[in-house]
2 protein chains.
Amino acid sequence: MERVTGRYYIETPLAVEKAAQVLVGEQSSGTFVAVPGETEELKSRFAARVESIELLESVTEPAIPGLKANGSLYHRANIEVSWSVENFGYNLPTLISTLQGNLYELTQFTGLKLMDIQLPDNFSNYYRGPKFGIEGCRTLTGVQGRPLIGTIIKPSIGLTPQQTAGLVKTLAEAGIDFVKDDELMSSSANSGFEDRVDAIMQVINAHADKTGKKVMYAFNISDELDSMLRRYEYILNAGGTCAMLSLNSVGLSGVKKICDQGALVIHGHRNGWGMLNRHPLLGIEFPAYQKLWRLSGVDQIHVNGIQNKFWESDDSVVRSIEACLKPLTNGTTVLPVVSSGQWGGQAFETYRRAQTVDLLYMAGGGIMAHPDGPTGGVIALQQAWKGAVEGLTLEQAALQYPEFGNSVKKFGKA
Amino acid sequence: MERVTGRYYIETPLAVEKAAQVLVGEQSSGTFVAVPGETEELKSRFAARVESIELLESVTEPAIPGLKANGSLYHRANIEVSWSVENFGYNLPTLISTLQGNLYELTQFTGLKLMDIQLPDNFSNYYRGPKFGIEGCRTLTGVQGRPLIGTIIKPSIGLTPQQTAGLVKTLAEAGIDFVKDDELMSSSANSGFEDRVDAIMQVINAHADKTGKKVMYAFNISDELDSMLRRYEYILNAGGTCAMLSLNSVGLSGVKKICDQGALVIHGHRNGWGMLNRHPLLGIEFPAYQKLWRLSGVDQIHVNGIQNKFWESDDSVVRSIEACLKPLTNGTTVLPVVSSGQWGGQAFETYRRAQTVDLLYMAGGGIMAHPDGPTGGVIALQQAWKGAVEGLTLEQAALQYPEFGNSVKKFGKA
């Protein structure tokens, strides 16, 4: 029978092997005392299994509160644990409860982070994965051979539909590929959802009629389920191509239901991610996290950006991009969304390290506050990526491309 | 205009006032540079506001990775931040993205935990809250004046529907009020969901016909949305009274949709909670967390238990019980589910500290592995609570009540 394997980075005051056995007991047939009915046959069929243990360093202080080591050390390790698919079938929420449920409560661990998940091949028979993915997003926007260039409407919240549509017009005329609502903005007092769709799609459709290029706008439909379904239809009827979901806020079963509709690209925003990831020994790492959302059918997912304004390291961002670009079910792909404090200057390092242009590269202030206005901002981003792919340095590109040169003057730290 | 207020426990290498301003900028109209359109009028209407700052201790080491203090200290504080309801309307996922979204990514904080949420009174016009709550659960089970006594089917996973139904029969005859699936168990290879409902409800209905007492069984319907709705109907048609959801795994919009059906009690399991809560300076505390699920309509929610087998302190468990018992919208209530390593011995301390019998008190091994069998286990739990409310000590109750006395001999640590 095929098995799902979780890889965990753990810390424990116990012998690592003993702690691992506590985990597999808790996460399959166990309770705190032996109970009638727990036969050996049942255990061998349904019990979780420790597949490997790789011992790492030991430390004197625990990473998070738990069982005390009583003067001895806390041991770190990578462990792999597997479960038979017979336990949960094809049920993503119950898979999540198995991989990342009560095990985080175990006092025997003073650190526990789910690093990656290995899924059986036959999951591809049950989960279509992203309907559009990288190729679908390229086709819809008509962008080949370079990253899609996108922006976020700023101020995040407060503009009227007409003001927002006015910005979108400017951006469309500047050649932008993608625009999105902020995650704080769904339907506010002065920008009702339907009014915003009407105003924006009028601009986008008119621009498409004139130029043949339809800007992809990710309308934030995050809400209760019925409202999301209504808004999804509204976007579709207005000629839109994309809806945005705040993945952690909406939750998996809601996101899956929306993705299953299959008519719009789904932009997956990971706001709240820091709660799940920021501690090195608690929560979940992105390679595991993105798999669950790809199985749900999300087409685009946020990965932060190189030299971002947040806390995350460049190494972590590069690992996240790489995770998105590894095939999952049926060879489907998910488009990594690079954002946070981006203005184009990071294109060089991003390309050098990730070696891909299969990105949605987002800049907010980097476009809207460009010295030559938003038009200059969009052009500068295209130039930055052109330069990066041509092998230019930031300085060389700044000399060669005037709008990007102006970006460097305003946003460059050097 | 009414406002939602979040209280955060934070740590920062910056002056606390400055860090708080970064937070409100990120979580409302801000970006990393000033942009056109961000007027003062817009800011005053939609901007988040720092309502209060209470400075606490300073420390030399950061709680989680972020901006370095460069030789100076990391400052801790309680801060309150508010947002106008105009920003998001009545949209729980967008409220969550506002209260617990990208702010966790801010490098200016080396610790951030959402401690509590204050909601405007008019939320009660929009959110019914728990349909059944404490009184509804008491009416359905016929239990007054004492905690509902419950158990979890163990082994968690592996029993056939007939084996499970056999256990339920034993437990029903012993006088149990409530039984639940384990969170790892929804539909497994040898216990299909519908077969399990059929087998168990046959036992429960027959027992109800004979005695007038219908045991509440929480069938774990956690899955994708359509499957959950089908299973919900299946339980209802079979005469069941309760469905269980793994809250974090299903997610808010799915949970809300199920709760909105309004025909079954919803048992809210918080597995995965440790990811969100275990670090003292990262994530969310239970008083905030339970409000969001109560707004969604969950009738019962897990709070762990006194002297539990997990890492959580008794103080934290008591605070969680108290949070559940505070009125929220329309005076609705949510039933705190006490579980984890409970066997009855903890009834005395639980009652002494929480001063309530409005609990669902769950024991797994404590019932199933009782020396007199499951029947003795159920009786022992009822005796423990009787003794606790009568003001007996554990030792006095053990002398007075023989089955509880046997529990103490097997499970008591003294």
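In this predicted model, five strands of chain A form an open sheet of mixed pairing, in the order β2-β3-β1-β4-β10. The edges are taken by β2 (49-59) and β10 (282-284) of chain A; each has a single partner strand, so one side of each lacks a neighbour in the sheet. On average, neighbouring strands of this sheet are turned by 15° against each other, direction ignored.

Helix α12 (residues 286-296) of chain A packs on it and touches β4 and β10 of chain A, its direction making about 50° with that of β4(A). Helix α3 (residues 92-99) of chain A lies across β1 (3-12), β3 and β4 (111-118) of chain A and runs at about 30° to β1(A).

Chain A also contains a barrel, which 8 strands close in the order β5-β6-β7-β8-β9-β11-β12-β13 with parallel pairing. Here neighbouring strands are turned by 25° against each other on average, direction ignored. Strand β5 (residues 148-152) and strand β13 (residues 360-362), both of chain A, pair in the parallel sense over 3 bridges, and G150(A) stands opposite M362(A) in β13(A).

The relation between the two chains remains to be described. Chain B is superposed on chain A by a rotation of 180° with 0.0 Å of shift along its axis (RMSD 0.0 Å); the two copies are therefore related as by a two-fold rotation axis. The same surface serves both copies, as 100% of the contact residues of chain B recur in chain A. Of the residues of chain B, G251(B) comes closest to the rotation axis, its C-alpha lying at 1.8 Å.

Key. Residues are numbered from 1 along each chain as its sequence is written. Chains are lettered from A and ligands numbered from 1 in the order in which they are written. This is a predicted model: local features need pLDDT of at least 70, side-chain atom pairs count only at pLDDT 80 or more; totals for chains, interfaces and linings use all residues. Side-chain values use heavy atoms; hydrogens and water are left out. Copies are superposed by least squares on the C-alpha atoms of residues with pLDDT of at least 70 in both. Contact means heavy atoms within 4.5 Å. Two strands pair if DSSP finds at least two bridges between them. Helices (H or I, at least four residues) and strands (E, at least two) are DSSP runs, numbered from the N terminus. Axes are lines fitted to C-alpha atoms, for helices over the stretch in contact, and angles run from 0 to 180 degrees between N-to-C directions.
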